[in-house]
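Visitor: I would like to go through this structure by question and answer. Please begin with the packing of helices and strands.

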Amino acid sequence: MRKISLVAFGASVIALAAVAGASAAGQKAAVALAGPSCSTATIGVTGPFTGPAASAGIDQRNWARLFVTDWNSGKPIPGVPAGFKRTKIKTIEDDTQLNPQVAATVATQLRSNSAVVGVVGFSGSQEVVAGGPILRRGGMVFISGSATRASLTDPTSSDGQGLKTGYFYRVVPNDNFQSVVDATFALKKMGVKSGDHVMTVDQAEAYSVPLIAAISAQLQKAGVVVDHESQPATQTDFTSLANKAVGEHATAVILASQVASNAQLFAQQLKAAGYSGGFLGTDGTFDATKFTFPGAYVSTFSLDVNKIPADATIAAQFTKAFGATNNFGPPTWVATQMLAMAISKACTDGKISRNEVRRDVPTISLKTSLLGHPIGFQKDGDQLGGVSFTVFQIQSDGSYKVVQPG
Amino acid sequence: MHSIQLLGSYFNGAPLTWQYLFSQLVAGLTLGSQYALLALGYSMVYGILKLLNFAHGEVFMIGSYIGYFVLTALGGPISSSVPIVLLIALLFLAGMLGSGLLGVVIERFAYRPLRRATRIAPLISALGVSFFLQQTAAILFGATPKQYNPFSLDGGRLFDRITIGSFAIQYVQLFVILFAGVLMVVLIQLVTRTRMGKAMRATSYDLEAASMMGIDIDRVIVFTFFIGSALAGAAGVMNGLVYSNVYPTVGFNAGLRAFTAAVVGGIGSIPGAMVGGVAIGIAQSLAIGYLSSGYQDVIVFGVLIVFMLIRPSGLFGTPVLQKV
């Protein structure tokens, strides 16, 4: 009897694992094994579709999906000239969980799939650092809708040397812009003065550490006393930090994180500890479903697409298909668009290769875009022009209101 | 509120006042109480089976999830269908019972068949169970954190502060510290004053001799797993009530620190696990409060290394003599 029950348990475990495996495999049923094709070109779309940043990643995935649907059906798309010949696009979606190791595995899979001619992603800067060099070695171009770490496009940095110029592009401004915007906002709008204390907190990973270092440096330049703290994102006990912020009479607390629920929790624990100063979260905390602490500020590279008149039809279409956007994903629409247009350009002779797509990406420029401004790339992969960060304030009903346009 | 000066004015940005020290000690005690409950499970199982149950952190995680699902089933934090006291009681009851049963199942299927195998076999099995539970939770509940949202419970009153003179403590902190204390006292009474407790001590002292004296070893081991896992479940619910987030890997970090606490206290020793848990929690909190949050793991695991070097048996452990 004992043996039978053990066997039954073992069989159940195997069955459960098999179901899980089948489910995961089912998501990748669309994996193309043939070579690149101009009849329907294949691209990878990566993002943290599960994990602590899933709400941001799912919004990105949904905007990419909507773009592909509209692109393939010939619907009008901001920035696409009339008569532009579109090559149909097929996507392979890969979940990176905001985890560099997973991103590297995904990059290896995409690289070895000869049908894939380009990638939308990665979402997190730490993922770009881990997975980017693998895609580069496969000759693949990749465009991010959210990775903002400045060193990614700096050819003199170790990140830039790993990625090399001409493979990585992004449609969002980098952290050099964000650090200036956030520090200036704290000084001008949050009442921080020279000699005041400000607590800045990173989450001990590639995105937040350099960003908080840059913000701290800006504040110190203005004579502010900065307490730079570092706490891993997996640790959600901010109580001791909250006590410290109260104890040192901090005028403001600035958190760089990719986990919006951490920003919510930290703000709540600060309030519970008796803190009454300002709270500012960086772009990774931008999520109107998870970070809803009234009075807190959030800076972001994205805009509220619902507030851009030209986007009304697309925004309504998105809401109908996926529900309300948290506005993290619209740049991913634009990243997908840049890649799709480069693919179409490469396909004018009926043939396509990774090298051709890579060659054509920097030649694409949009006079307008879903983000309400032109999009083009510099040689280093950064966005052309000085598009900056927008600062929102969270209202008592949890909605986000623009208090400083980008 | 006037600051009561301790030494000077500031140390590394932190004010040197008694109330600041008190607030950090309370934060550390709150955290340490959870580590202590978790460490008890490590210590009890090790005491009896000499097994490092690395799946114990995941039992904590499942307890936290059970609490979350009960909270959701009862209407969620904002519109709970039952009074707050009953709600919290139900969360703990379900979390402890569910985790306790999970512990029994783990023992039955993953450890008992390996009881006579080499020491390494159940250790590997424990690691396997740990990853199995983590991934199963990720598949079943998703990897996105679920939130207790305790700041909405009872209009956020759990986080109101009781002030005594210059010192303040939140209701939720007071509750966690007191409830953890009650659970530990109950455990000590159970171990020292009941027949089952006596059987547990006998089994811990010499498993084979206890068996020959007529003690039902299997029953004792199952009971030990149930109690240790139920305490982990209670710690899991506390984690949700204070720190809100529960996700598949939440037990990993907590488990690692609790294991450190058990070693520092003297693995196999119940008072050692309690003192070790509280000490690690306070060390972590003071490291953040007076040095920097970046140093917290350096301090916690530095303490572990120091103990390994100068007192490997921990605070309350007794050195084992090996006969040759």
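Predicted model: local features only at pLDDT ≥ 70, side-chain atom pairs only at ≥ 80, totals over all residues.

Visitor: Which order do the five strands of the open sheet in chain A take?

Guide: The pairing in this sheet is parallel. The twist from one strand to the next averages 25°. The order is β2-β1-β3-β4-β5.

Visitor: How many residues of β1(A) are buried?

Guide: Strand β1 (residues 40-47) of chain A is joined to β3 (residues 116-120) of chain A by four bridges, and to β2(A) by eight. Both pairs run parallel. β1(A) is mostly covered, and of its eight residues the buried ones number seven.

Visitor: Which residue of β3(A) stands opposite A:Val45?

Guide: Towards β2(A), A:Ala41 stands opposite A:Ile89. Towards β3(A), the residue opposite A:Val45 is A:Val120.

Visitor: What angle does helix α4 of chain A make with β4(A)?

Guide: Helix α4 (residues 125-137) of chain A packs on the sheet. It touches β3, β4 (141-144) and β5 of chain A. The angle between its direction and that of β4(A) is about 155°.

Visitor: Which strands are at the edges of the open sheet of seven strands in chain A?

Guide: The order of that sheet is β7-β6-β8-β9-β10-β11-β12, with mixed pairing. Neighbouring strands are turned by 25° against each other on average, direction ignored. Two strands pair on one side only, and these edge strands are β7 (225-230) and β12 (400-404) of chain A.

Visitor: Which residue is the bridge partner of A:Ile254 in β9(A)?

Guide: Strands β8 (residues 250-255) and β9 (residues 278-281) of chain A pair in the parallel sense over four bridges. The partner of A:Ile254 in β9(A) is A:Leu280.

Visitor: What angle does helix α6 of chain A make with β10(A)?

Guide: Helix α6 (residues 175-189) of chain A packs on the sheet of seven strands. It touches β6 (197-202), β8, β9, β10 (297-300), β11 (390-394) and β12 of chain A. Its direction makes an angle with that of β10(A) of about 150°.

Visitor: Turning to chain B, why does it count as compact as a globular protein of its length?

Guide: Chain B has 11 helices and six strands. For 324 residues the globule rule gives 20 Å, and chain B is as compact as a globular protein of that length because its radius of gyration is close to this, at 20 Å.

Visitor: What are the spans of the C-alpha trace of chain B along its principal axes?

Guide: In chain B, 51% of the 324 residues count as buried. Of contacts between residues at least 6 apart in sequence, 74% join residues at least 24 apart. Along the principal axes the C-alpha trace spans about 65 × 50 × 35 Å.

Visitor: How far apart are the end C-alpha atoms of helix α4 of chain B?

Guide: This helix (residues 120-141) has 22 residues, and at 1.5 Å a residue it should span 32 Å.

Visitor: What covers the buried residues of α4(B)?

Guide: The buried residues include B:Val129, B:Leu133 and B:Ala137. Residues three or four places apart in an α-helix point the same way, because there are 3.6 residues a turn. After α4(B) comes B:Gly142, with a positive phi near 85°. The cover of the buried residues includes α2 (56-73) and α3 (84-111) of chain B.

Visitor: Which residues of chain A are in contact with B:Asn253?

Guide: B:Asn253 is found in helix α9 (residues 250-265) of chain B. With 15 other C-beta atoms within 10 Å, B:Asn253 is partly exposed. Its C-alpha atom is separated by 8.0 Å from that of B:Gly57, 196 residues apart along the chain. In chain A, its contacts are A:Thr234 and A:Gln235.

Visitor: Which element gives the most to the side of chain B that touches chain A?

Guide: Here 31 residues of chain B are in contact with 27 residues of chain A. By class, the side of chain B has 15 nonpolar, 16 polar and no charged residues. The elements giving two or more residues are β2 (14-17), α1 (18-49) and α10 (270-291) of chain B. With five residues, the element that gives the most is α1(B).

Conventions
Residues numbered from 1 in each chain as written. Chains lettered and ligands numbered in written order. Contact = placed C-beta atoms within 7 Å. Nonpolar A, V, L, I, M, F, W, Y, C, P; charged D, E, K, R; others polar. Rg over C-alpha atoms; globule rule 2.2 N^0.38 Å. Buried ≥ 20, exposed ≤ 12 C-beta atoms within 10 Å, placed from the backbone. Pairing = 2+ DSSP bridges. Axes fitted to C-alpha atoms, helices over the stretch in contact; angles between N-to-C directions. Expected span 1.5 Å × (residues − 1).
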